[in-house]
Structures are given as structure tokens and as C-alpha cells.
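Biologist: Could you take me on a close walk through the charged pairs in this model, and tell me where each partner sits?

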Amino acid sequence: MSKNKIIVAPSLLSADFLHLEDELNKLHDLNVKWLHFDVMDGHLVNNISFGIPLLEAVEKKHYFFNDVHLMIEDPRRYAEPFKKAGAHLITFHVEALKDEEDVKDLISYLRSLDVKVGISLKPKTPISKIEPYLPLVDLVLVMSVEPGFGGQEFLNSGYEKIALLRYLRERDHLNYLIEVDGGVNNSTGYYARANGADILVAGSFLFGHEDIKERLESLDIE
Ligand code: DX5
Ligand code: ZN
């Protein structure tokens with residue numbers, strides 16, 4: 001997973017589900033490589049979104065790098081079904097695990113499924129909670145909104161976390177990518193990138209707009 005060019009991962013949570021095939025064709029034609037699946041179980045976060053059948057359907061249409069964000073209470077139970085459905089990266093929430101042993105167990109289990117491994121934290125969770133795992137993961141997903149809904153405002157604490165993650169990565173010669181999710185637009189995306197983000201998840205800034213091409217270009221900031 002390269003660390004150089006910015007990657008934009010459109011969040012399907014904001015897609016038009018009545019015209020999902022058209023949405024996927026549009027992204028494919030715009031040379032979008034990553035798709036972000038915001039999976040919510042109504043327990044870890046206060047919403048229920050979608051799951052394995054959607055990923056299976058999307059997988060049939062086009063090749064995308066399927067970035068599956070599990071905002072669920074039991075990521076271990078569903079990791080293998082998501083892998084089988086086409087997940088390339090599985091990101092779990094540190095808040096869903098009870099202790100360090102649990103987290104390390106889950107990371108090893110995800111490794112055994114041959115997927116890329118991501119860890120995510122809600123806005124109120126400090127970086128210190130995931131620091132022991134930074135050498136073990138491929139990606140850290142910083143939630144810049146309280147997870148559950150698209151269309152929220154970017155929380156500035158996201159920038160500080162991104163900058164700290166960049167510092168820790170350099171200090172400890174680690175390799176994880178830094179992804180940010182929630183309230184990303186051309187302005188917040190610019191500052192997230194300036195602070196060290198490698199991947200921008202964007203939902204409502206992209207979907208539902210005629211000028212999605214220009215919006216994508218505005219995020220792919222050089
Ligand atoms: C959790 C979701 C949202 C969503 C991004 O709530 O993860 O962050 O994907 O939605 P926007 O880009 O509309 O904030
Ligand atoms: Zn997400």
C-alpha cells in the first residue's frame with residue numbers, strides 16, 4: 001500500500017441506493033480505485049447501514065479496493081464473511097474490544113484471513129488507546145465525526161490526531177497509512193492532507209452532486 005499519492009475513498013453510505021449501479025459506473029469511469037463501506041450494527045454506533053450482501057453485489061460489478069469499515073460490536077465474528085464477500089481491507093474499532101490481548105488477537109486473526117488490517121478510533125478516543133497496535137496495523141482510520149451518519153461537520157480534533165499519527169510513524173519508523181473519515185470536503189481534506197492524511201473518505205461531498213468529477217479533483221490535492 002503506497003504512502004505517496006493521496007487516495008480518495010468514496011463512502012457508499014451516501015450513495016443513491018436506488019441507482020447504485022450507475023453510481024459505481026460513474027466512480028469506475030472517474031478512475032476511482034477505493035470504495036469505503038461504512039458497516040454499522042446499531043450497537044457500536046447509533047445507526048444500522050448495510051452489510052455483506054451489498055459488498056457481494058458491488059464486487060460483481062467492478063474491481064475496487066474494498067475498504068470495509070466495521071463500526072460493529074463483534075468484528076471478529078463477521079471478518080471472515082466480509083473477506084469472503086470481497087473485503088481487501090478490514091478496519092475495526094478499538095472501542096469494540098475489551099483489552100490489549102483482545103485487540104492483538106483480532107489483529108492476528110485478520111492477518112490470517114489475508115486482508116489488510118486497519119484500526120479506527122472515535123473522536124473521543126485518544127491516540128494513546130491505539131499506540132500499542134501501531135506497529136501491527138497497515139492503516140489507522142481517524143473518525144473526524146461521531147460515527148453513525150454522513151453529512152456531519154469535520155471535528156478539528158481530527159487534524160491533531162492525524163498530525164500525531166504522522167509524528168509517531170516517523171519517530172518509530174512505522175508504515176501504517178493514515179485515513180480520515182467524516183466531514184471531508186475540499187477544505188477539510190486539504191488540511192487533513194497537510195497534517196499527514198494519506199486517504200480521504202468522503203460521502204456527502206461526492207455523492208448526489210453533478211460535479212462529482214470536479215469534487216474528486218478538488219480532493220486529489222497535489
Ligand atoms: C460515519 C461514516 C461517515 C461517512 C462519511 O458516520 O463513516 O463518516 O462515511 O460521510 P461524510 O463524508 O458525508 O461525512
Ligand atoms: Zn467509514
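**Charged pairs, close up**

Modeller: Glu-217 and Lys-213 form a salt bridge, with 2.7 Å between their closest N and O atoms; the term stands for a side-chain nitrogen of Lys or Arg within 4 Å of a carboxyl oxygen of Asp or Glu. Before going on, please note that this is a predicted model, where local features need pLDDT of at least 70 and side-chain atom pairs count only at pLDDT 80 or more, while totals for chains, interfaces and linings use all residues. Residues are numbered from 1 along each chain as its sequence is written, chains are lettered from A and ligands numbered from 1 in the order written, and side-chain values use heavy atoms, with hydrogens and water left out.

Back to our pair: both residues belong to helix H7 (residues 212–219), 4 residues apart, about one turn of the helix. Helices (H or I, at least four residues) and strands (E, at least two) are DSSP runs numbered from the N terminus. Glu-217 is partly exposed at 46% relative accessible area, and Lys-213 is partly exposed at 43%. Here buried means under 20%, exposed over 50% and partly exposed in between, using a 1.4 Å probe and protein chains only. Shared partners in salt bridges also join Glu-131, Arg-171 and Asp-172 into one network.

Next comes Asp-198, bridged to Arg-169 with 3.0 Å between the closest N and O atoms. Asp-198 sits in the loop between helix H6 (186–195) and strand E8 (199–202) and Arg-169 in helix H5 (residues 157–171), so this pair ties together parts 29 residues apart in sequence. Both ends are buried: Asp-198 has 6% relative accessibility and Arg-169 has 8%.

Asp-138 and Arg-111 form another bridge, with the closest N and O atoms 2.8 Å apart. This pair links distant parts of the chain, 27 residues apart: Asp-138 is in the loop between strand E5 (116–121) and strand E6 (139–143), and Arg-111 is in helix H4 (residues 100–112). Asp-138 is buried at 16%, whereas Arg-111 is partly exposed at 37%. The whole structure holds 12 salt bridges.

For contrast, look at Asp-38 in strand E2 (residues 34–40). Asp-38 is buried at 4% relative accessible area, yet has no salt bridge, and the nearest side chain of opposite charge, Lys-122, is 13 Å away.

Technical notes. Lys, Arg positive; Asp, Glu negative; His and termini not counted.
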